[in-house]
Amino acid sequence: MRWSNYYLFTTREVPKDAEVISHRLMIRAGMIKKLAAGIYTTLPFGSRSMTKLATIVRRELDAKNALELTMPTIQPAELWQESGRWQAYGKELLRVNDRNGREFCYAPTAEEVITDMVRKDIRSYKQLPVNLYQIQTKFRDEIRPRFGLMRGREFLMKDAYSFHADAESLDVTYRDMHDAYCAIFAACGLDYKVVEADTGNIGGSDSHEFMVLAQTGESDIVSCDCGYAANTEKAVTGALPAPEVELGEMEEVATPDQKSIAEVSQFLGKSADQFVKTLLYTSENEEVVVVCIRGDREINEIKLANALDVQYPVLATDAQVQEITGAPVGFAGPVGLKEARLIVDPSAAALESFVCGANKDDAHLVNVQWGRDVEKGEVIDLLLADAGDPCPRCGDTMQKTRGIETGHIFKLGCKYSEAMGCNFLDAEGRDEPMIMGCYGLGIGRTVAAAIEQNHDDDGIIWPKPLAPFTVLLMALDPQNEEVSAAADQLYGELQAKGIDVLYDDRKERPGVKFKDADLIGIPVRAVIGKRGLSDGKIEISERHDREKHLVDVGEALAKLVELAG
């Protein structure tokens, strides 16, 4: 493709709303253009990269006997009402009405549509399992769309759904899809990690995320050399080392104007790990729940939401805290509370003696012991895992990295099939709900994540499998007949060899061309200039190291084919 005939317009300006590097570079490199908040046009240069990724995805899924179809993006409300998600999904579901007033939504996902289709076609265990996928546009009305394609409202996604007669069959397909995803990210040349994850509003039991590792990633991951890895929403830890404490009788001490753990810790001369931090939350039925955790740690609100079976836990109001504890915010503790549900994280439950709020203004309790002074209540893991925590499998120290979620696989079980009557007749003639799996992979998001992982101060450094073009051929002075003829000839030879090449034949200054070349990041570069050509040489380099090699004109084609492979 000749650049002079191509729809590729770079810019030096950085968009004001671009907070992450992939957003900035995709705009500047002419890959995407903003239409509205969280909605982008994918331009030809960006489309080529996404098409290459989609080709890899299709190849690996087809190898696992998944079958491609295409489902509508506009879905009738009745299906979502049948599954129970019409209201539960919340404001991220874009609801619309047709001319007859019938309600529809713009699909954020397709569990309902695929389940409706399968229940109409499959009746016997002999027809199972099936695994169906699509690469289709989705829409989620994010409250705060940002980061370009990383958290947009409209996005391109591969979503797959499998249907099974038993859990063993689901396990086989789940492993197949896990392996297919590993093959996809490896084929893309990306550094990634598979982690245990929370199922979120999709539902189901087991769940794994595929994280492209990048310091700019929005998700924290803890992992151990033994192979355990999980995002911090899901991660569990081994038992935390308990601090050494002196045992004594419970005593109330005055702590005037000392509210935070840090303030009281300094005031009493005790380390934060000897404290129990007490927070009050309300569930969706407005029940107040008292939650205790060790003073030096934080509550994982995803785990708390799962424990309370709510979508989002909400901190109690000042008035609710006053009513339950009898004290203002900052002095809550588990001793002597009014009747309320008490949940204690194991980090706090393991303390032999601790400091906590006295449920009295400007006062705390010291030497408090579980069982003697207060009952533990329910012990549930609510800990937000962190670097340095012991691994739950082997006990070694875990590390923390950051990643970008680009794929997510779930064991859905019977959540949708039971709700929607997607049943089959088993070998004994019994009517049973199908067991389902769900497998998502963000196409645009993965391309953006590849840029987050592969860039420098000057622009993108494409992994070859995802590069819009593999070779950039630059004619530094296309108005020079000798340069133009040599570049035209090499361009034709590269095309004949099946190399996807972008030929920069623009009548621009060399400085502009080199800046653009660094920005768009095509892996292999061949530069033909008047000076080099006079010596019978063509300059060849790779974007990742920029090391330049002067190659004889007659050897340039073979060298470029080698580097492009």
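In which helix is Gly 554 found? Gly 554 is in helix α16, residues 553-564; helices (H or I, at least four residues) and strands (E, at least two) are DSSP runs, numbered from the N terminus. At 76% relative accessibility Gly 554 counts as exposed, where buried means under 20% relative accessible area, exposed over 50%, and partly exposed in between (1.4 Å probe, protein chains only). Gly 554 and Tyr 192 are 362 residues apart in sequence, and their C-alpha atoms are 40 Å apart in space.

The model is predicted: local features need pLDDT of at least 70, side-chain atom pairs count only at pLDDT 80 or more, and totals for chains, interfaces and linings use all residues. Residues are numbered from 1 along each chain as its sequence is written, and side-chain values use heavy atoms, with hydrogens and water left out.

The chain as a whole comes next. Its secondary structure comes to 16 helices and 31 strands, and its C-alpha trace spans about 95 × 65 × 50 Å along the principal axes. Of its 565 residues, 52% count as buried. Contact means heavy atoms within 4.5 Å; among contacts between residues at least 6 apart in sequence, 69% join residues at least 24 apart. The domain assignment gives domain 1 (47-71 + 107-235 + 400-451), domain 2 (251-379) and domain 3 (469-564), with bounds that come from an automatic or database domain assignment. The centres of domain 2 and domain 3, taken over C-alpha atoms, are separated by 66 Å.

Two helices illustrate burial. Helix α5 (residues 111-121) is largely enclosed by the rest of the structure, because eight of its 11 residues are buried. Its buried residues include Glu 111, Glu 112, Asp 116 and Arg 119. Helix α12 (residues 443-453) is mostly covered, with 10 of its 11 residues buried; among them are Arg 445 and Glu 452.

Gln 75 is in strand β4 (residues 74-76) and counts as buried because its relative accessibility is 0%. The side chain of Gln 75 reaches the backbone oxygen of Thr 109 at 3.3 Å. This is a polar contact, a pair of N or O atoms within 3.5 Å; within protein, one must be able to donate a hydrogen and the other to accept it, and residues adjacent in sequence count only if both atoms are side-chain atoms. Beyond its neighbours within four places in sequence, Gln 75 is in contact with residues including Trp 80, Phe 104 and Val 113.

Val 321, in helix α9 (residues 318-325), is buried with a relative accessible area of 7%. Leaving aside neighbours within four places in sequence, Val 321 contacts Leu 280, Ala 316, Gly 326, Ala 327, Pro 328 and Val 329. Val 321 and Asn 359 are 38 residues apart in sequence and 9.6 Å apart in space, C-alpha to C-alpha.

The backbone has some local features to note. Most residues other than glycine have a negative phi, and most peptide bonds are trans. Leu 128 and Pro 129 are joined by a cis peptide bond, with omega about 5°. Pro 129 is in the loop between α5 and β7 (130-139). Asp 257 has a positive phi, near 65°; Asp 257 is in the loop between β13 (251-254) and α7 (261-268) and counts as exposed at 62% relative accessibility. Arg 546 also has a positive phi, near 60°. Arg 546 lies in the loop between β30 (537-542) and β31 (549-552), and is partly exposed, with a relative accessible area of 33%.
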